[in-house]
Amino acid sequence: MLLFVCLFALLSSSSSHAADFCVAKLKGAGNPAGYACRMPSKVTVDDFVFTGLGVAGNTTNIISAAVTPAFVQQFPGVNGLGLSMARLDLAPAGVIPMHTHPGASEALFVVQGMITAGFISSSANTVYVKTLKKGDVMVFPRGLLHFQINDGGINAVAVVSFSDPDPGLQITDFAFFANNLSSELLEKSTFLDDAQVKKLKKVLGGTG
């Protein structure tokens, strides 16, 4: 009985000192644990509100798509809460290319149009693909390669949520071809020929 009382007192004491929130102090450097907390006296209600997801992104680009993030860098109130959001806009035939989020799982909710989405497992390279319509939800496990394509004739819109305030992003095509990794090494490591590698580097702005 005494042990139970002591444990209850300890837990009550710990919880009473837990912070309600940790609005990000973005002027400092972030780290895997998140950003430092802003002083509560400097926090306002606007730190917990993000209005950008109501505005369509500009899809006039090479992928005919746009991502409007509400990550910790844009939405400091999510720091430490284990979540963030984004809006996807895809023009007809627009694509969010194969990519990963090293820090988070993702849930996608289709607001408008049709989106073909899929991911590839890391264990057996199994492909999971589905054409989603308005109202459908699909999840993408943390760190796995995945993509979204607008397969309809109208603009598609989706809202996505992530299990981390800073999910991270690495787009496979840009990781391969938008840097200065030599064409020779890319050809050896991807089995692409010289002409294909140089074409992709030219399109995506790579050198080497």
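So, is Ser-84 buried or exposed? Keep in mind, folks, that this is a predicted model. Ser-84 comes out buried, at a relative accessible area of 1%; the cut-off for that label is under 20%, so Ser-84 qualifies.

Where does that put us in the fold? Ser-84 sits in strand β2, which covers residues 84-90. Leaving aside anything up to four places away in sequence, Ser-84 touches Ala-70 and Phe-71, then a run of others: Val-160, Ser-161, Phe-162, Asp-164, Pro-165 and Pro-167.

Ser-64 isn't a glycine, yet its phi is positive, about 50 degrees. You'll find Ser-64 in the loop that runs between α1 (2-16) and β1 (65-70). Ser-64 is partly exposed, with 25% relative accessible area.

Phe-191 is another one: not a glycine, but with a positive phi of about 70 degrees. Phe-191 belongs to the loop between α3 (183-190) and α4 (194-204). And how does Phe-191 count, buried or exposed? Exposed, at 76% relative accessibility; the cut-off there is over 50%, so Phe-191 gets that label.

That's my tour, thanks.

Note on methods. Residues numbered from 1 in each chain as written. Predicted model: local features only at pLDDT ≥ 70, side-chain atom pairs only at ≥ 80, totals over all residues. Heavy atoms only, no water. Helix = DSSP H or I, 4+ residues; strand = E, 2+ residues; numbered from the N terminus. Buried < 20%, exposed > 50% of the residue type's maximum accessible area, 1.4 Å probe, protein only. Contact = heavy atoms within 4.5 Å.
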